[in-house]
Each structure stands twice: as C-alpha cells, then as structure tokens.
There are 4 protein chains.
Amino acid sequence: MGNSLGKLFTITSFGESHGRCVGIIIDGCPAGLPITEEDIQREVDRRKPEVSISATERVEEDKVEILSGIFNGMTTGAPVCLLIWNKDVDSSEYEKMRFILRPGHADYTAFMKYGGFNDFRGGGRFSGRITATFVMAGAIAKKLLSLIDIEVLAHTVEIGGIKAEPMGFDEIKRNVDKNPLKCADLKAAEGMARAIEKAKEDDDSVGGIIEGIALNLPVGLGEPAFNTLDGELARALFAIPAVKGVEFGSGFLAAKKRGSENNDPFTIRNGRIVTVTNNAGGILGGLSNGMPIVVRVAIKPTASIAKEQGTVDIKNMKSTSLVVKGRHDICIVPRAVAVVESMMAVTLSDFAMRAGLIPRVIK
Amino acid sequence: MGNSLGKLFTITSFGESHGRCVGIIIDGCPAGLPITEEDIQREVDRRKPEVSISATERVEEDKVEILSGIFNGMTTGAPVCLLIWNKDVDSSEYEKMRFILRPGHADYTAFMKYGGFNDFRGGGRFSGRITATFVMAGAIAKKLLSLIDIEVLAHTVEIGGIKAEPMGFDEIKRNVDKNPLKCADLKAAEGMARAIEKAKEDDDSVGGIIEGIALNLPVGLGEPAFNTLDGELARALFAIPAVKGVEFGSGFLAAKKRGSENNDPFTIRNGRIVTVTNNAGGILGGLSNGMPIVVRVAIKPTASIAKEQGTVDIKNMKSTSLVVKGRHDICIVPRAVAVVESMMAVTLSDFAMRAGLIPRVIK
Amino acid sequence: MGNSLGKLFTITSFGESHGRCVGIIIDGCPAGLPITEEDIQREVDRRKPEVSISATERVEEDKVEILSGIFNGMTTGAPVCLLIWNKDVDSSEYEKMRFILRPGHADYTAFMKYGGFNDFRGGGRFSGRITATFVMAGAIAKKLLSLIDIEVLAHTVEIGGIKAEPMGFDEIKRNVDKNPLKCADLKAAEGMARAIEKAKEDDDSVGGIIEGIALNLPVGLGEPAFNTLDGELARALFAIPAVKGVEFGSGFLAAKKRGSENNDPFTIRNGRIVTVTNNAGGILGGLSNGMPIVVRVAIKPTASIAKEQGTVDIKNMKSTSLVVKGRHDICIVPRAVAVVESMMAVTLSDFAMRAGLIPRVIK
Amino acid sequence: MGNSLGKLFTITSFGESHGRCVGIIIDGCPAGLPITEEDIQREVDRRKPEVSISATERVEEDKVEILSGIFNGMTTGAPVCLLIWNKDVDSSEYEKMRFILRPGHADYTAFMKYGGFNDFRGGGRFSGRITATFVMAGAIAKKLLSLIDIEVLAHTVEIGGIKAEPMGFDEIKRNVDKNPLKCADLKAAEGMARAIEKAKEDDDSVGGIIEGIALNLPVGLGEPAFNTLDGELARALFAIPAVKGVEFGSGFLAAKKRGSENNDPFTIRNGRIVTVTNNAGGILGGLSNGMPIVVRVAIKPTASIAKEQGTVDIKNMKSTSLVVKGRHDICIVPRAVAVVESMMAVTLSDFAMRAGLIPRVIK
C-alpha cells in the first residue's frame with residue numbers, strides 16, 4: 001500500500017532496483033494526448049548520471065517501453081503502463097553485505113517493516129532508481145499541463161554549500177540543461193563541481209538544494225483544508241529519497257521576518273491582480289495565487305560513501321563497520337532535478353483535473 | 001473536496017470562522033476508547049490566545065460538544081462528531097472591507113476559486129479558527145497513540161529571530177505549557193516576548209519556528225513510495241495556515257553537510273538497534289526508524305497587521321490601501337504549537353492503524 | 001471508517017438513532033448553488049412514515065438545520081453540514097432488551113464488531129433513521145444534477161408480492177408522490193395496501209421492490225474497470241438497510257434470455273444514436289449509454305415484527321424468544337423510495353463531477 | 001481513472017485485449033506470502049474457455065509472468081506486478097468493423113467517452129479478457145485469505161434457463177472443477193450443455209447465474225454506512241462485464257416474503273451464535289454475521305452472436321446490420337466462475353486487512 005498518488009490523475013509505481021523492471025501506471029490521463037516513447041525517453045534521459053560527477057563509470061541504459069494505454073500514438077483513456085527493464089545488474093555485493101545496515105539508507109527500516117522479506121538488492125524498492133518511474137509519469141503530466149500553458153522547471157540552487165545567484169526564469173530555462181549540475185548560474189556551477197570533486201577525493205558525498213518552479217498557474221488550484229497545493233506538493237516531493245525539507249517562497253526565512261516585510265502587497269498589472277513580491281511562493285491559503293510557484297527542496301548528501309562507517313550486522317546483532325562499494329553518485333542533486341519537476345507536474349495535473357481545467361478528451 | 005485526511009483514521013473538517021460553528025468528524029476511531037468532553041476541551045484550551053501576546057483583548061470561549069460516536073464515555077466505533085458553536089462574532093468590519101484583499105491572506109485566492117460565493121467573514125473557511133477542529137481530532141488521536149506508548153509534543157524554538165537553545169525531551173515537556181510562548185528555553189522565551197512586544201508597538205507581527213517531536217514510535221511506520229511518513233506529516237502540517245516550510249532532522253542544513261557527517265551510524269543499545277545521531281529526524285526511506293521523529297515547521301508572521309499596506313479593491317479593480325482592524329495575534333506561533341501536535345497525532349494514528357498496531361476494539 | 005462516499009462529491013454521514021442527532025457533510029459541492037433549508041426539508045419529508053401503513057402512531061419531526069457551507073442562500077464551496085436533532089426518543093425498551101439479539105437486525109454483528117461498545121439504542125448507527133442523512137445529501141445532489149438536466153426518480157413496483165404494471169416515466173412522476181405507497185400504478189397500490197394491512201393483522205411485515213430511474217444522462221458516465229456506473233450505484237444502494245439485491249435493465253431475467261433477445265439494437269433517432277430496447281438499463285460496459293438508467297432494488301420485509309421469534313441472549317449465551325415492541329413500519333418500501341433516489345443522485349453527482357460536466361462555480 | 005480497487009489491499013488493472021499485454025498491480029499484500037507463477041497460473045487456467053462450449057477453436061495461451069514484488073518465492077511487501085503478454089491476436093476484423101457498433105458491447109459508450117481514441121480492437125479495455133487480470137489478483141487474495149481459513153468458491157447455478165439443484169458446500173467443491181460448465185449438479189450440467197449447443201446451432205448465445213460463496217468469515221467484516229460488505233462485493237462483481245444483477249441470500253425473493261419467514265432466528269451451536277436459516281446470505285447491517293456469504297450474480301447472454309443484428313455505423317451515422325465474426329463464447333458463465341471467486345477474494349482480503357486480521361508480515 002502507499003504506491004499510488006493522485007485522485008483523478010493517479011500514478012502507481014512498481015518494480016525494484018535489481019528486480020526485472022521498474023514501471024508506472026498512469027490512470028486518469030485524458031484520451032487523445034499524443035505521446036511517444038521518445039517523449040518519455042527524453043525526460044528519463046535527463047535523469048541520467050553524468051560521468052563527470054559520478055563515483056563510478058556506471059552504464060545505466062534506461063529504455064522506456066509503453067505497455068498499455070497508448071494506441072496510434074495517442075492516449076486512449078485506459079491506464080498507461082510504462083516500463084524500463086533492468087539491465088547491467090550485479091547484485092553480488094548486496095548479497096554479501098545483506099545484513100550489514102548501510103547508514104542513511106532504508107536497509108534497517110525496510111528489514112523491520114517487511115520482516116526481512118524485502119528485496120534488499122540495490123536497495124530494492126527504496127533505491128533512487130524508483131524515481132525513474134516518477135519521471136516517466138512526469139513526462140506525461142508535463143505534456144498534459146502544457147495544454148493549459150502550465151510550465152514546470154527545476155534547477156540546482158546549492159551544492160556542497162555553494163549557492164547559485166538568483167536569476168530570471170528565462171535564464172534558468174536556457175542554462176539548466178546545458179550544464180551537468182543543472183545549475184543556471186554557470187559560475188556557481190564551477191564551484192559546485194569542485195565541491196563534488198573534493199568530496200570524491202575524500203571518499204565522501206555532498207548534498208544540495210533544488211528549486212522547483214511552476215509558471216502560468218490559474219488562481220485557485222488546491223483543495224484545502226487538507227489537500228492544499230503546498231501540502232500535496234510537499235508530500236509528492238518527500239517521495240523522492242534524500243529529501244529532508246520542503247519550503248515555499250520565503251520559507252524558513254519567513255520565520256525571521258515581520259508581517260510588513262513578508263506580506264506580498266496586491267496590485268494590478270495588465271488588468272490582472274498580481275502581488276508585487278512573491279514571498280508566498282505562489283500559494284495563499286493552500287491555493288495557487290497566479291504568481292509562480294517557488295518551492296525549494298533540501299537534498300541530503302548521498303548516503304552511500306566509500307568512507308568507513310560504524311554500523312550493525314542485523315543478523316548477528318553485532319557492531320561492525322562498513323565501506324560502501326559499488327556504483328553510486330557523489331551528489332545526486334543534478335539527477336534529482338528532473339524528478340522534482342516530475343513530482344510537481346504529476347501533482348499539478350491532478351489538481352488541474354480536479355478543478356475541471358483539463359477535458360476528459362483532448363481535441 | 002479536500003476536507004478529509006487519513007485512510008483508516010479519517011478526519012473531516014467543516015465550519016467557518018463567523019458561521020454557526022466549526023466541527024470535525026473522526027471516522028475510524030476504534031471502539032472502546034474512553035473520551036470525555038473535558039479531554040478534548042483541555043487540548044482546545046491549549047490553543048487559546050494568551051492575552052499578553054495578543055493584539056487585542058478578545059474573548060474566545062471555545063466550548064467543545066460531542067454530537068455523535070461516543071456513548072457512556074466510550075467511543076462506539078461510529079463516526080465521532082465534535083463541534084464548537086461560534087460566539088462573540090462581529091462581522092461588520094469584514095462586511096465593510098469585503099472586497100479589499102488583505103495581503104498574506106486567502107481573500108484573493110478564495111474569491112477566485114469560489115467565484116465570490118465563499119463566506120469571507122473572518123476569513124471564513126481559511127481562518128486560523130479552523131485549526132480548533134484539528135485540535136479536537138488531535139485530542140482523540142493522542143489518546144489513541146498513548147495506548148501504544150507513542151507521545152507527541154511540540155514547542156516553540158524560534159520567534160522573531162530569537163532562537164531557543166536545544167534541550168532534552170523531558171525538559172521540553174516540563175517547560176512548554178508553563179510559559180505563554182510554549183518555549184522550553186525560558187530565557188529565550190523572554191527575548192521572544194520582547195520581540196513580540198516590539199512588533200506590537202510597530203503595528204507589525206512576527207513569525208517563528210515550531211519543533212514537533214514524536215517519541216516511542218515502532219520501526220516501520222509509513223507507506224512508501226508515496227505515503228511516506230515524512231511526506232504525510234508534511235502534508236498534514238501544511239494544512240495549518242501560515243506554515244511555509246517543513247523539515248525533518250538536519251533538514252535544510254543537510255544540504256550543506258557531507259555524507260560522513262549526515263549519516264547516522266547504527267549501534268546497539270540495550271539490545272536494540274539505534275542510531276548514534278539523529279540527523280534523519282527519525283525517518284529513513286519514508287519509514288520511522290525508532291528514533292524520535294523531529295520535524296520543524298516555519299510559521300510566517302501573522303498576515304493581519306495594523307500597519308498600512310498597499311492592495312487592491314477587487315470589486316472596483318482599483319489599487320487602494322488597507323489597515324487591518326479587528327482581533328488578531330501579533331504572533332500565532334504559541335497557539336500553533338497545539339495544532340502541530342494535533343496534525344502529527346492524527347497522521348501517526350492513521351499510520352499506526354494501517355500497520356495494524358491498534359486493534360479495532362480497545363479492551 | 002466507511003462513512004464517506006464519493007471521490008469529488010463526497011458525503012460523510014454521522015449520528016445515531018437515539019443519540020443527539022443525525023447529520024451529513026457534503027464536501028465538494030460546487031460554489032454558487034442556491035440551497036435553502038426548505039429545499040432539503042421537502043425531500044426529508046418525503047421519507048416520512050405514513051400513518052396508514054405504520055405499525056404505530058410515531059411522531060418523527062425531522063427538522064433540517066444547515067450548520068455550514070451555505071452563506072446567503074448559496075453554497076460557498078466549503079463543506080456543507082446538515083443536521084437533524086433527535087427528538088421524541090424513548091430508549092427504555094432498548095435498554096431492557098439490550099442483549100436480546102433481534103433477528104434480521106445488526107444487533108449481533110455490531111455487538112461483535114465493536115465489542116459491545118456500539119450505541120445499541122434504536123439500532124444506533126444501523127437504524128433506518130440514518131437514511132435521513134442520505135436524503136439530505138440527495139436533496140443537494142438532485143439540485144446539482146438538475147443543472148445538467150439529469151432527473152432521478154424512484155417508485156414502488158412491488159409490495160407483498162403485488163406487482164405494479166409497467167408505465168411511462170411521465171405517468172410515474174405524476175402518480176408517485178400522490179399515494180402513500182409511492183406506487184404509480186394506483187390499482188396495484190390498493191392491493192399493496194391490503195397486503196400491508198393483512199401483515200399488520202398477523203403481527204408480521206412485508207417487503208418489496210423499488211425501481212430507480214435516471215433520465216437525460218450523457219453518454220459515458222462511469223469509470224471502469226472498477227468504478228463502473230452500475231457497480232458504484234449498487235454499492236450506494238446497498239448502503240440502504242434492508243436492500244438484498246440490485247439489478248439493472250433486464251437484470252436477473254437476462255440470465256434466461258438469449259443474446260438475440262437481450263441485446264439492444266442501435267438505431268438513429270432525431271440524429272442521435274439510441275437503442276431500440278433498453279435491456280441494458282442504460283449501462284453498457286459500466287458506462288451510461290444515454291438511455292434511461294433503470295435499476296431495481298429488492299427490499300426485505302421489515303425485520304422488526306410483533307410476532308414471537310426465537311433468538312439468543314448474548315450476555316447470558318442462552319436461547320430465548322423475543323417480541324419486538326416499539327415503533328416500526330410494517331413495510332418500509334414507500335419510505336425507502338426517497339432514499340433510493342438520493343443514493344442515485346449522490347452517485348451520479350460524483351460521476352458528473354469526475355467527468356468534468358459540472359463547473360466548480362455555478363453561475 | 002477507476003482502475004484501482006481496495007483501500008489496503010489495492011489492485012490496479014491495465015492492458016487491452018489486443019494491445020501488448022494485460023496486467024495487474026497488487027499493492028498492500030503483506031510480506032512473506034509464498035507465491036509462485038504456478039500458483040497464479042493455476043487460477044488463470046480455470047478461466048480458460050472449454051473447447052466444447054466455445055463458438056470457435058481459439059487458442060488462448062495465457063502465460064503468467066511475475067514482474068515485481070516477489071523475491072525468492074515470497075512477497076516482499078512491495079507492489080506485485082503480474083502480466084500476461086497477448087499472443088495469437090488478429091485485429092483485422094476489428095479494423096474493418098471499427099465504426100459498426102456491436103449491440104450489447106461497450107463500442108458505443110467507449111467511443112463517446114474517449115472521443116474515438118479508445119483501442120477498439122477486440123473490445124480493448126472493455127474485453128472480457130481484462131478479467132484475466134482480476135483472476136491473477138484473486139489468486140494472491142485467495143492465498144492470503146487461506147491464512148485465516150477463509151475459503152471462497154463459486155459455481156454455476158443456472159444456464160439457458162436450466163437450474164441446478166441446491167447442494168452442500170462439500171459437494172459443490174468436489175464437483176465444480178470436474179465439469180466444463182462449473183456446475184456442481186452434474187445432471188443439470190447436461191441440460192445446460194444442451195442449451196448451449198442449441199444456442200450455437202441458432203447462432204445465438206445464452207446467459208446464466210453464478211453463485212459465489214465465502215466460508216469461515218469472522219463476524220464483523222464490512223465498514224458501514226457506505227463500505228458495507230454487500231455493497232463492496234456488489235461493486236467488485238459489477239466490474240465483471242456482462243453482470244446485470246447481484247443479490248445476497250434470499251435476494252429478490254425476500255421482496256415477496258414476510259418478516260417472519262425471512263428473518264433468520266439466532267441460536268447457539270457448539271457454543272457459537274449462528275442463525276438457523278441463512279436468508280441474509282451471511283450479511284446483516286452490511287457486516288458479515290459468521291454464516292456463509294451467499295451471493296448470486298446474473299450474467300447476461302454473450303453479446304457477440306453470429307446472428308444478424310440491426311445497428312449503426314457511427315462514422316457515417318447510418319443504420320446498418322452486423323454479423324459478429326471472430327472468436328467468442330456461446331456462454332461465458334463457466335469462464336466467469338473463476339472471476340466471481342477472484343473479485344470476492346480481492347474484496348474480502350481488503351476487508352480482512354481493514355479489520356486488522358492479517359498481519360503486515362506473514363510468519
């Protein structure tokens with residue numbers, strides 16, 4: 001239970017890191033949306049590890065296959081099943097280390113919850129690999145949102161303590177996919193790359209912050225009291241492994257501000273009501289206010305490190321130590337950028353459908 | 001839609017700030033739980049404004065009534081309806097200012113979403129008053145959790161930029177309800193009181209940070225991929241008006257750390273696996289790991305301020321300015337402490353039931 | 001759990017037969033729908049017992065109150081809470097007979113499920129009185145459906161073995177509320193009245209069949225595979241106590257037919273595709289086909305009878321016998337007619353919203 | 001939307017008749033349940049067409065594959081994905097007849113709902129083939145229920161007007177899988193075979209009735225008011241194409257009975273409360289009463305017949321006629337028996353989990 005998300009645009013994720021495949025069902029996508037495997041592949045490829053910032057030269061060829069719900073290049077209204085077969089899987093290291101709990105991973109919690117029956121290989125269901133299924137769903141959600149002109153983008157704003165300078169949406173869009181760190185501030189990106197390089201030398205890892213943005217939202221998306229736009233976005237974003245915090249607009253900084261500084265005054269621009277500032281991050285009372293949604297997501301440093309760490313052998317209930325071998329990224333922030341976009345797009349699609357903004361048949 | 005939360009322990013909130021009442025249905029509460037109106041009243045009273053930190057001497061007598069689901073002092077297994085009749089309501093100011101959008105409030109978004117049909121008086125459904133219904137549900141949830149020894153508490157850790165020193169859980173419990181700011185660090189509380197006083201003099205307001213804690217959780221609560229413990233807690237917390245950020249454990253600070261610093265090594269204590277540190281805030285892979293849940297919630301400064309602000313008259317589509325009169329708090333952080341506890345308790349009750357930890361009949 | 005129904009137009013029922021009240025929350029009703037207490041009262045009154053067919057001269061004055069969600073006579077988009085305070089309640093007989101299980105009632109199952117904590121007075125949550133809350137929701141649903149010209153009606157087609165002749169929709173509408181049995185065939189109604197009278201003389205009760213009809217549905221309401229229109233209607237109708245069967249169109253008779261008899265040939269009438277016959281009862285593949293929905297609901301004879309019945313004293317675990325005293329109807333079929341309409345209207349409203357046919361704001 | 005069923009034990013169906021595959025996700029299955037492809041294959045094979053009662057000699061080799069959620073022969077707690085690749089598919093006839101609406105099928109309703117984008121080949125998502133996915137889920141559900149001794153079985157009780165004699169559960173179990181009609185009354189089965197043979201000669205089809213039975217249920221399964229056991233079973237059963245009616249216990253016959261006949265008196269047997277008769281079909285007040293669940297399901301005659309039928313060409317909006325060619329069964333009742341069992345098992349598994357009767361880890 002717990003592997004479905006969304007009320008009208010509903011995704012259901014399945015598969016394990018070292019099982020046969022990872023996949024996703026999208027149920028509720030309107031009929032008549034043109035979708036090809038290439039559309040989805042393009043988004044999935046954006047999640048690929050960059051050799052330059054990866055600890056090892058892994059080859060992860062994620063080839064998207066459509067299993068159902070699309071006919072003659074169009075969605076049919078039936079559930080769409082998208083799948084990636086797992087290849088290039090070597091589970092031997094995991095078999096050996098099966099009972100040695102990796103700090104910062106779900107090894108312990110999954111073992112306890114599922115009584116040791118969980119597929120532990122490669123982290124199984126708790127692997128970052130599962131986010132490939134989120135990106136497949138996100139590809140469809142983004143296409144759906146584009147019909148009502150909603151655009152979702154994300155970019156790296158901090159890695160290893162190096163912060164990007166704030167910049168305009170157009171500049172972000174232009175720069176983000178052109179550099180391996182998905183950072184629009186190209187100068188800061190250089191510093192981030194150095195921080196990653198340094199961590200690699202130290203057999204360590206670094207975290208960072210991703211900013212997600214949604215543009216052109218109509219006013220009123222969200223369903224308070226409990227299905228608020230911010231709450232549902234946060235829930236979706238916490239599904240990404242390694243996320244430890246989510247804030248909107250001025251976020252935690254708001255706690256230090258006064259009301260007169262933090263309130264966004266309303267004004268009229270081009271006959272439309274807007275706010276002069278956007279400390280609200282585009283959300284008031286759990287509803288979109290027509291300004292850009294701005295959400296920041298804290299990503300912890302990769303839990304897998306080549307440094308020795310103290311831990312426990314759960315089978316023998318003994319203290320021991322561990323050096324994580326195998327393939328892992330020094331910093332997952334750049335790869336998570338596409339995932340943040342996807343989770344936002346999926347959530348917004350559901351809200352747009354709940355608001356009746358997307359017809360059941362696309363014409 | 002959107003006014004229900006929880007899968008097995010489900011709450012449904014209703015009512016408006018200046019309507020006849022505010023209320024909540026709790027559906028799925030096991031039978032045989034002893035509950036009195038006094039039990040619930042006690043929690044609701046903890047949300048009362050303290051005269052000392054309030055802008056005005058409002059009298060808000062919130063008297064809890066049980067309408068259904070409790071018989072002979074015990075829950076029956078039927079839906080529990082709890083209600084507070086609204087009294088001491090003066091809507092005249094709201095009628096006058098109906099079309100003048102208050103910055104930082106949901107006036108604009110609600111007007112647009114509901115086509116102007118929303119009950120605007122006192123913020124209607126978007127008033128902080130709605131959180132009284134959350135606290136009623138929380139009172140039952142806390143009692144339910146106490147059966148399996150889970151304890152939930154929250155306390156103020158920052159107001160107006162003044163931070164509390166970290167302290168132990170016992171000290172927090174001892175101090176939190178003894179001071180009007182719900183801050184366990186009594187010295188810091190004095191500074192916070194001064195910050196509030198100063199803001200009041202300036203016709204302004206301040207925000208702050210609340211920390212929520214849950215103790216004695218079993219390992220494995222949470223339902224990933226999408227109903228993670230952190231994600232669901234975050235969603236529930238964002239239902240509290242004024243929340244702009246949620247972080248667990250090291251939270252946004254994790255973004256600046258290295259893996260070797262942020263990972264919590266496992267060790268064995270009293271025959272049980274624990275982590276040496278708790279940067280994870282008690283959650284790994286979306287599941288509780290048996291350590292205390294630690295979540296921090298950023299509360300923006302009260303949107304209602306007596307200072308003049310620029311805004312828009314939506315009826316006449318003209319720029320105008322506004323001074324918010326009427327009753328409001330300079331700082332809502334202390335009042336939100338009970339609400340944070342409640343939303344945590346409600347969420348944890350649902351997960352405990354999903355995990356089969358709470359029987360359908362209490363004996 | 002289990003007291004909510006519907007995905008976008010969601011109702012949540014609460015209250016007990018002899019508790020303080022019975023009530024319902026309607027969450028998801030669009031803003032701007034004009035609703036008065038009189039509108040709802042009118043439907044609730046249609047569920048009133050007729051003295052002529054009742055076993056006792058009970059006075060059940062069900063006065064509807066609006067607690068929330070309606071402002072200036074219009075829905076606001078917030079959850080609507082409707083309530084009837086219980087009056088004229090005498091629980092003494094129930095207290096005396098508390099542990100004597102009434103055959104055909106939920107006394108035994110409720111006792112076991114809720115460990116004896118259930119409010120047993122008057123059947124508590126399992127009383128037919130709960131259906132008054134369904135009718136309150138139905139009143140709003142019917143008004144909502146009328147916006148898109150959908151009409152729902154129900155009528156008695158069989159009581160005590162006496163069957164009504166088939167007749168046209170207009171005739172049904174004209175006659176149904178004009179006779180106490182809600183039977184459009186006035187001659188058959190006389191026979192039904194005699195059957196009830198005879199059962200009353202014998203200290204016994206009778207059952208019957210209600211036919212529900214929905215007119216002017218668009219083609220395509222329903223969400224297969226699992227949220228089919230027929231399946232969801234059936235689920236909603238089985239929420240009515242005493243319902244033992246639900247069939248659509250030719251129903252159980254279809255089992256005896258050949259395909260060539262049961263298939264409804266398509267043809268074109270007034271430029272629209274229709275079927276020549278309606279054995280499908282308006283549903284093909286779980287979707288409305290534009291023809292009238294025709295559903296028949298089997299109502300068992302009232303379980304409460306003044307005749308002596310063998311049963312068990314659950315406290316002393318002894319066989320005993322029972323004569324049910326107190327107020328009850330000889331035949332509940334006529335009173336259930338308004339309830340069948342209501343459950344149909346609630347279900348259709350949810351589907352209409354899921355299909356995007358009803359805007360979120362009514363203009 | 002609408003392709004998921006169940007709250008804790010949740011199934012999500014996908015795939016089309018002539019697409020790449022049909023499949024199902026089971027989310028919420030406890031960890032540690034031993035499951036092999038053979039276990040599931042065995043149930044799927046029970047749904048195979050018998051050559052003797054089929055219109056054509058189709059070869060439908062449905063080979064089950066496990067894609068996820070099972071590791072080392074045990075469920076892991078992760079979502080289980082089960083798949084059957086489609087083979088032996090010839091869509092040419094469907095391409096030719098694309099716009100000629102087959103009476104009794106979902107061609108028209110699906111065309112309208114999905115704007116003509118639906119995969120029409122072989123009925124697409126509306127094909128009986130989809131029920132193979134229900135049976136895969138049912139195989140797991142039945143195994144889960146067996147842990148708490150609940151047994152589900154179904155058998156043919158009527159075909160083409162020929163009724164089986166009532167018989168005991170043991171006799172039903174012994175006989176049902178030994179004859180191609182899944183009818184425990186072997187003499188009646190002969191008559192049914194003749195009725196099918198006769199219909200085949202006439203290029204026609206026949207329907208029938210299936211009885212589903214669940215044994216050894218604990219008292220109290222079901223979640224009224226709206227998630228009643230009967231209501232949820234009915235909803236699940238109406239997901240089976242061709243089902244037009246569902247009744248429990250005395251069902252529609254109850255409408256003709258008196259209360260004194262239809263009430264089931266309670267008595268004590270072996271220290272347990274039971275009812276002397278079972279007119280309730282094992283359900284009182286929407287809750288299981290510990291007696292066998294008995295539900296009857298009306299199956300309409302196969303809509304596909306080789307006889308000429310009047311219909312409409314929806315492309316040209318012209319009346320036309322149609323003879324359905326291709327592979328189809330004269331009577332689908334025997335094949336639907338396994339499907340009825342599966343839908344019952346899936347529903348009961350969900351309720352058993354909601355009642356906390358099945359642990360999250362099987363030991």
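Visitor: Where is Ser127(B) found?

Guide: Elements come first: helices (H or I, at least four residues) and strands (E, at least two) are DSSP runs, numbered from the N terminus. Ser127(B) lies in the loop between α3 (107–113) and α4 (131–146) of chain B. This is a predicted model, in which local features need pLDDT of at least 70, side-chain atom pairs count only at pLDDT 80 or more, and totals for chains, interfaces and linings use all residues. Residues are numbered from 1 along each chain as its sequence is written, chains are lettered from A and ligands numbered from 1 in the order in which they are written, and side-chain values use heavy atoms, with hydrogens and water left out.

Visitor: Is Ser127(B) buried or exposed?

Guide: Buried means under 20% relative accessible area, exposed over 50%, partly exposed in between (1.4 Å probe, protein chains only). Ser127(B) has a relative accessible area of 11%, so it counts as buried.

Visitor: Which residues is Ser127(B) in contact with, leaving aside neighbours within four places in sequence?

Guide: Contact means heavy atoms within 4.5 Å. On that rule the partners of Ser127(B) are Ser17(B), Gly122(B) and Pro241(B). A polar contact is a pair of N or O atoms within 3.5 Å; within protein, one must be able to donate a hydrogen and the other to accept it, and residues adjacent in sequence count only if both atoms are side-chain atoms. The side chains of Ser127(B) and Ser17(B) make one, at 3.4 Å.

Visitor: How many bridges join β17(B) to strand β18 of chain B?

Guide: Two strands pair if DSSP finds at least two bridges between them. Here β17(B) and β18 (residues 318–322) of chain B run antiparallel, joined by five bridges. Thr311(B) has Thr320(B) as its bridge partner in β18(B). Four residues lie between the strands of this hairpin, and Met317(B) takes a positive phi near 50 degrees. Strand β17 (residues 309–313) of chain B is mostly covered, with four of its five residues buried.

Visitor: How many residues does the contact take from chain D and from chain A?

Guide: The count is 45 residues from chain D and 45 residues from chain A. Buried area is the accessible area (1.4 Å probe) that two parts lose on being put together, summed over both. Chains D and A bury about 3,700 Å², 64% of it on carbon and sulfur atoms. Met1(D), Phe71(D) and Phe117(D) supply 22% of the area that chain D buries against chain A, more than any other three residues.

Visitor: How many salt bridges does the rule find across the interface of chain D and chain A?

Guide: A salt bridge is a side-chain nitrogen of Lys or Arg within 4 Å of a carboxyl oxygen of Asp or Glu. The rule finds two there. Glu65(D) and Arg20(A) form a salt bridge at 3.0 Å, N to O.
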